[in-house]
Amino acid sequence: VTSLNIHDESLPAKAMKDALKVYMNSEQFKPVHTISKDQLSNLFIAKGDRKGKVDLAKLGVCTADSVYSNDFSPENAISDNSSTYWKPLNDSPGHWWCIDLKAVYTIREIEIELLSKGTYYYNVSVSEDNHKFQMLISKTISTNKSLIISDEVNTSARYLKITYGDVSKGVEVGHRRVRIF
């Protein structure tokens, strides 16, 4: 397989095209005559969480302005290990986390699982070149009901950066998980 020859423009066909594009651009892709169901399923969310959606973050490489210690690496935010997370050096405003998706993709939803209950002010910016970022989301949110925040968007980007502003007293800056669909 070297290209996609799918002409159907329905939502399921577009989802399949996006999934195949992600797979073909991943390090897991090994050109073969057929692609097994297991190979494709590596890119889909397990346990029916978001059936049919591809988590683009799984393809990414993460960086951050700082880490609290080596145990709190930026890569933790895209791992499947729910006991790990990214945490910056301290809880001061201005800390950022960034992911390089290695190619430009259409992004429809961003999900962030935060570390503690409280009030967060955060920005999400996107870029195609890692130099000029465009603000996509800027909001204050209370996580008293759920630590998972989800924003629907409609953009294309290679880089996605989350920057934290002020937080309420006792709130930890950082996140356990980031998913990009």
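A: The charged end of Lys53 lies over the ring of Phe181, at 5.9 Å from the ring centre; such a placement requires NZ of Lys or CZ of Arg within 6 Å of the ring centre and within 35 degrees of the ring normal. The model is a predicted one, in which local features need pLDDT of at least 70 and side-chain atom pairs count only at pLDDT 80 or more, whereas totals for chains, interfaces and linings use all residues. Residues are numbered from 1 along each chain as its sequence is written, and side-chain values use heavy atoms, without hydrogens or water.

Lys161 likewise has its charged end over a ring, that of Trp96, 4.7 Å from the centre. Lys161 belongs to strand E5, where it is the bridge partner of Ser125. Strands (E, at least two residues) and helices (H or I, at least four) are DSSP runs numbered from the N terminus. E3 and E5 run antiparallel and are joined by seven bridges; two strands pair if DSSP finds at least two bridges between them. E3 is also joined to strand E4 (residues 134–142), again antiparallel, by eight bridges, with Tyr120 opposite Ile141 in E4. The hairpin of E3 and E4 has six residues between the strands, and Asn130 there takes a positive phi near 70 degrees. Because seven of its nine residues are buried, E3 is largely enclosed by the rest of the structure; buried means under 20% relative accessible area, exposed over 50% and partly exposed in between, with a 1.4 Å probe and protein chains only.

Tyr120 is among the residues in contact (heavy atoms within 4.5 Å) with Tyr164, neighbours within four places in sequence being left aside; others include Trp86, Tyr121, Tyr122 and Ile112. Tyr164 and Ile112 are among the residues with the most contacts inside the largest nonpolar core, which has 37 residues. Helix H1 (11–24) and strands E2 (96–114), E3 (119–127), E5 (148–167) and E6 (175–180) each supply at least two residues of this core. E2 gives the most, with nine residues. Such a core is a set of buried Ala, Val, Leu, Ile, Met, Phe, Trp, Tyr and Cys residues joined through side-chain atoms within 4.5 Å.

Rings of Phe, Tyr and Trp (its six-membered ring) pair if their centres lie within 6.5 Å, with planes under 30 degrees apart counted as stacked, over 60 as edge-to-face and the rest as tilted. Four aromatic pairs are found by this rule. Tyr68 and Phe72 make an edge-to-face pair, 5.6 Å centre to centre with 80 degrees between the planes. Tyr68 is partly exposed, at 48% relative accessibility, whereas Phe72, at 16%, is buried. Together with Tyr85, Tyr68 and Phe72 form one aromatic cluster.
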